[in-house]
Amino acid sequence: MTTRPALIAVQGDHHDMGEQLGSRTADMIARNLDAYRARFRGQAGLDDADVDRWGRRYYEVARAYDPDIAAMLEGMAVGSGQSVHRLAALNARTELLYGTGYRDEGCTSLSVLPTQTADGHTLLAQNWDWHPEQADVTFLLATRDTTGFTVLSLTEAGMLAKSGLNSAGLGICANLLVSDRDTGGDGVPYHFLLRGALNAPTMSKAHRKLLPVKRISSGNIMLADAAGEAVDFELAPDVFATLLPEDGLLTHANHFLADLPLTDLKGATSALTQLRPSRARHLLAPAAAAGTVRPADVVAVLRDDWSHPDGICRYPDADVPLADQVSTVYSVVMDLNARTLWIAPGPPREHAYIRWDLDTLFDHGAEPAVDFRPEAPADA
């Protein structure tokens with residue numbers, strides 16, 4: 001795996017940004033569509049006609065939910081030569097794969113409030129666990145619209161967002177949840193919600209993009225901002241729960257922590273999810289109590305491989321068929337006050353993190369710095 005994920009930076013109105021993005025990543029988009037086409041068919045029993053039918057519906061959902069998202073999809077279709085409906089379906093991959101038993105996407109997220117950090121900054125971080133081969137079609141997407149509003153997000157080709165931050169100092173992380181409330185049908189796909197929140201200039205407007213909308217799948221979204229607040233939303237169709245920091249720390253994995261009227265369909269099977277949140281808190285607790293947490297402390301948590309191969313830093317399990325293997329694909333740390341994002345390929349224990357500063361992303365010749373090198377060279 002590369003130690004330096006590509007940065008794709010685009011600017012203009014949302015249609016123009018989508019067209020630039022589609023043109024510059026056309027090959028990756030085609031490969032990612034082929035990969036998910038096989039998963040849709042093999043794991044969810046959806047043929048091309050089914051995918052196109054759902055894609056048309058989710059494209060209309062995008063137009064109603066957030067016209068800027070729809071405009072980016074339209075532009076990306078023009079730039080990549082792909083159908084806008086296929087791209088809308090790709091952004092709804094969580095919903096199209098729902099209920100198949102296929103999704104063992106992991107992820108551990110955490111936030112540290114400024115009262116617990118050494119420099120008084122808000123930190124937000126995540127390990128994204130998914131199929132290792134997705135690293136080849138995943139990159140950092142930087143967008144700057146005509147007002148100067150900037151977003152930097154990890155994303156899979158053809159999709160619009162995962163974890164990231166924006167120029168207003170708002171950051172977001174995502175964790176898979178699965179419940180018996182998850183359904184198909186009309187509603188806002190999870191990855192549209194992520195982009196909608198990242199497009200928001202304030203915490204309150206981000207909440208409005210997540211909560212008073214029709215959801216059709218479960219998911220966890222952790223939000224934090226430079227002003228020093230963090231909140232975690234456990235989302236499911238028609239219901240949600242709010243979790244707040246305790247002792248300045250907020251952590252989450254892949255099971256519901258709140259008492260919601262639903263059945264958790266992932267809590268018993270997602271690798272070590274029952275302990276990853278508390279493990280992260282235990283590792284951070286001494287520095288948090290002293291008010292000295294630094295990004296390096298968060299990196300140490302994300303590199304924790306206790307209970308190998310299923311720790312916070314997750315490795316492929318040799319006992320699992322290759323097609324079903326899941327490991328940490330990328331690890332992300334954000335300083336929301338400095339507008340800085342560090343990213344390392346997985347497993348992060350074996351790789352350095354590179355640092356991008358949001359304020360200089362669009363400067364001519366901007367290059368990332370290399371921080372938090374591993375203690376020993378990677379074996380592979």
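**Exposure, pairing and packing in a predicted model**

Modeller: In helix α2, Asp27, Ala38 and Gly42 are exposed. The model is predicted.

Biologist: What makes these α2 residues "exposed"?

Modeller: The term requires over 50% relative accessible area. Asp27, Ala38 and Gly42 are classed as exposed, so each of them lies over that cut-off.

Biologist: Which residues of α2 are buried?

Modeller: Met28, Ile29, Asn32, Leu33, Tyr36, Arg39 and Phe40 are buried in α2. Their directions cover an arc of only 130 degrees around the axis, which places them on the same side of α2. Asp27, Ala38 and Gly42 belong to the other side.

Biologist: How do you know that the span of α2 is close to the expected one?

Modeller: Helix α2 (residues 26-44) has 19 residues, and its first and last C-alpha are 26 Å apart, against the 27 Å expected at 1.5 Å a residue. After α2 comes Gly45, with a positive phi near 70 degrees.

Biologist: Why are β1 and β10 said to stand at the edges of the sheet?

Modeller: The open sheet has eight strands in the order β1-β4-β5-β6-β7-β8-β9-β10, with mixed pairing. β1 (7-11) and β10 (239-243) each have a single partner strand, so one side of each lacks a neighbour in the sheet. Neighbouring strands are turned by 20 degrees against each other on average, direction ignored.

Biologist: How do you know that β9 and β10 pair?

Modeller: Pairing requires at least two bridges. β9 (residues 230-236) and β10 share five bridges in the antiparallel sense, so the pair qualifies. Among the partners, Phe233 faces Thr242 and Asp232 faces Leu243. Two residues separate the strands of this hairpin, where Asp238 has a positive phi near 75 degrees.

Biologist: Why is β9 described as covered on both faces?

Modeller: Buried means under 20% relative accessible area. Ala230, Asp232, Glu234 and Ala236 on one side, and Val231, Phe233 and Leu235 on the other, are all buried, so both faces of β9 count as covered. Helix α8 (residues 203-210) lies across β7 (170-176), β8 (219-225) and β9, at about 170 degrees to β8.

Definitions and conventions:
Residues are numbered from 1 along each chain as its sequence is written. This is a predicted model: local features need pLDDT of at least 70, side-chain atom pairs count only at pLDDT 80 or more; totals for chains, interfaces and linings use all residues. Side-chain values use heavy atoms; hydrogens and water are left out. Helices (H or I, at least four residues) and strands (E, at least two) are DSSP runs, numbered from the N terminus. Axes are lines fitted to C-alpha atoms, for helices over the stretch in contact, and angles run from 0 to 180 degrees between N-to-C directions. Contact means heavy atoms within 4.5 Å. Buried means under 20% relative accessible area, exposed over 50%, partly exposed in between (1.4 Å probe, protein chains only). The expected span of a helix is 1.5 Å times one less than its number of residues. The arc is that of the directions from the helix axis to the C-beta atoms.
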